[in-house]
Amino acid sequence: MESTDYLATIRSRAEEALASHDVATAERIYGELQGEQDEPWRLRLLQARILTAKGRVYQAIRSLRSLPVGQRQEPEVQLELGRLNYAQGQLSEARTALQSYLKQRDDQADAWLLLAEVHRRSASWGAASNACSRAISLDPENVDGYLKLGQVLQEGRQFERAIQVYANGLKVVPNSAELLCDMGAAQLALGDAEHAIRSLRQALRLRPLNIAAVYNLGSAFVKIGQFEEAQRRFSQVLRLRRGHADAWYKLMHCRRQTAEDQPMIRKLSTLTGRRTESANPRLWFALGKALDDLGQYDDAFSAFARANELRAAQHPHDCAVLERTIELTTQTFSDELIGRLDAGAGNSPPMIFIVGLPRSGSTLLSQILDGHPNMTCVGEHQRLNWVKMAVAQPFGGRVRYPDMVPLLSRLDLSRMAADYLQEMPRVDGWLVDQSLEHFQDIGLLHLLFPHAWFIDMRRDPRDCGLSMYFSDFSASHAYSYRFNTLARHIRSHQALMEHWHSALPEKILRVKYEHLVADLEGQIGALTRRIGAPAHPDPGHFYLRDSVVNTASAWQVRQPLNDRAVGRWRNYAEHLDPFLTLLEE
């Protein structure tokens with residue numbers, strides 16, 4: 001009988017052959033081992049790796065699963081099953097296998113990082129964060145642990161914690177361009193463009209051709225309105241990688257394209273015709289924007305339609321979810337409930353909440369108000385969601401928002417208000433919140449801040465809907481990818497806003513984008529008088545402000561006020577008949 005050491009050496013040769021992509025040699029060695037007295041699960045593990053190298057991953061998984069239970073529980077087998085199931089997107093099976101492995105070998109940092117990635121892809125941010133922290137504790141000099149934990153925290157929108165993680169990593173590995181690049185991205189997401197630019201420039205000094213750092217630096221310049229500098233950065237990205245879809249998209253949105261840009265637009269059009277790039281919706285959105293600027297409306301619409309078709313296939317949307325939420329919300333926030341709980345935070349600053357549909361003009365209004373000496377805009381954020389999640393924890397998942405609201409006491413509401421304000425800047429005047437999704441939470445926000453005002457930003461739904469359809473929104477706005485779901489979402493939004501106007505008629509002000517464009521000073525003057533604020537000294541020069549803009553309107557709000565977007569839908573009227581009909585239902 002061959003010695004165990006001899007067999008281990010033979011298996012090692014097979015693994016080396018696989019690492020060198022020499023599958024034929026690995027198969028030959030596997031054939032030789034079948035006649036030896038080797039442990040069956042080790043042979044099966046080698047077979048699975050050979051099958052994987054040949055692209056037959058499902059067969060490899062089935063081979064390992066067919067082992068007897070005792071052999072299947074071997075740590076190496078469970079780790080391989082975890083890797084293979086993760087690669088195939090079978091996250092539940094991957095998680096089970098990796099957890100089984102780590103129960104037996106809990107000192108393996110790489111396995112903890114893989115488990116963290118499985119949790120991340122399942123949107124289990126807490127579990128992913130814990131797994132990353134365990135990996136870092138086992139191997140504190142491994143940059144991957146800090147990068148993964150920072151990524152998890154950023155996706156959970158905990159940007160400040162992510163920045164601290166990157167800072168901790170840089171104490172251990174001070175010259176990591178990857179950590180500096182990701183720190184810059186987190187600072188950018190937090191609205192701290194100054195520190196983001198500093199971090200990204202430092203990353204580029206270490207690695208001048210780091211595409212992610214160059215791209216993020218361009219994005220930072222967009223947010224602070226330095227569009228020429230942003231264009232240079234995005235153009236540099238495209239010289240390094242001509243098919244970089246995000247860089248094309250951002251480049252097209254740095255300014256209006258003209259006839260002089262035709263050569264560049266032809267390059268973009270050629271890219272969308274290539275097999276590898278034709279399925280990338282970001283490129284089609286970029287092409288649509290360029291063609292729209294040139295007035296080639298039919299071709300532009302075709303490009304936008306293709307982009308949305310691809311996005312819709314990636315992210316199906318169920319309008320019934322929002323409709324059920326709205327039904328529950330209108331039932332919950334009755335006059336009786338509001339009267340019973342109308343207490344909230346007595347010492348809260350005067351507040352203004354801007355709500356509305358995306359692309360309704362909310363960023364324009366926010367930028368104007370932020371220029372008022374007595375107003376501070378905090379932009380869009382997720383603070384209220386975290387507050388709601390925290391207050392729901394004692395119910396153990398049995399009761400969710402909004403069903404939990406009638407169970408809250410005035411003390412609960414006061415604590416929620418304090419938690420919300422904890423991370424807000426301390427201001428002497430009005431605090432302006434531009435989180436559009438708060439349209440669902442106006443009742444709760446009124447209970448938290450009884451003295452707050454709500455601005456219902458409205459725009460012609462034909463223009464607003466078309467602008468949403470032309471914007472590459474994230475999956476949280478997947479309703480915008482098809483005209484039927486877009487029209488249905490707009491109608492649901494309008495229905496809930498009518499409920500709030502009825503329930504809180506003295507607290508909600510309606511501002512129409514078209515009126516704002518036609519009579520800026522008159523509209524802003526009426527708004528400030530209504531809420532009891534001093535007159536705005538200079539609303540017309542909002543576009544000269546050096547504030548950070550984090551929305552899709554970053555370029556538009558840096559331009560002098562104009563009415564180009566009013567009635568824009570008419571350029572596409574012949575393509576919009578189904579959408580317009582659905583809006584009127």
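Me: What are the ground rules for the values and the numbering?
Reply: This is a predicted model, in which local features need pLDDT of at least 70 and side-chain atom pairs count only at pLDDT 80 or more, while totals for chains, interfaces and linings use all residues. Residues are numbered from 1 along each chain as its sequence is written, and side-chain values use heavy atoms, with hydrogens and water left out.

Me: How do you know how many disulfides the structure holds?
Reply: A disulfide is a pair of cysteine sulfur atoms within 2.5 Å, and the structure holds zero of them. The sulfur of cysteine 377 has its closest cysteine sulfur in cysteine 464, 18 Å away, which is too far for a bond. For cysteine 464 the closest cysteine sulfur is that of cysteine 319, and because the distance is 15 Å, this pair is also too far apart for a bond.

Me: Why are cysteine 377 and cysteine 464 called buried?
Reply: Buried means under 20% relative accessible area, exposed means over 50%, and partly exposed lies in between (1.4 Å probe, protein chains only). Cysteine 377 has 17% relative accessibility and therefore counts as buried, and cysteine 464, at 0%, counts as buried too.

Me: What makes proline 75 buried or exposed?
Reply: Its relative accessible area is 6%, so proline 75 is buried. Leaving aside neighbours within four places in sequence, proline 75 is in contact (heavy atoms within 4.5 Å) with Tyr101, Gln104 and Arg105. Proline 75 and glutamine 104 are 29 residues apart in sequence, yet their C-alpha atoms are 6.6 Å apart in space.

Me: What makes a set of residues a nonpolar core, and which members of the largest one touch the most others?
Reply: A nonpolar core is a set of buried Ala, Val, Leu, Ile, Met, Phe, Trp, Tyr and Cys residues joined through side-chain atoms within 4.5 Å. The largest has 99 residues, of which Trp248, Met468, Leu486, Leu576 and Phe579 touch the most other members. Apart from that core lies another, of 38 residues, among them Leu337, Leu384, Ala392 and Val405. Beyond four places in sequence, phenylalanine 579 has contacts that include Pro461, Phe483, Leu486 and Ile490.

Me: How many of the residues in the chain are buried, as a percentage?
Reply: Buried residues make up 52% of the 585 residues in the chain.
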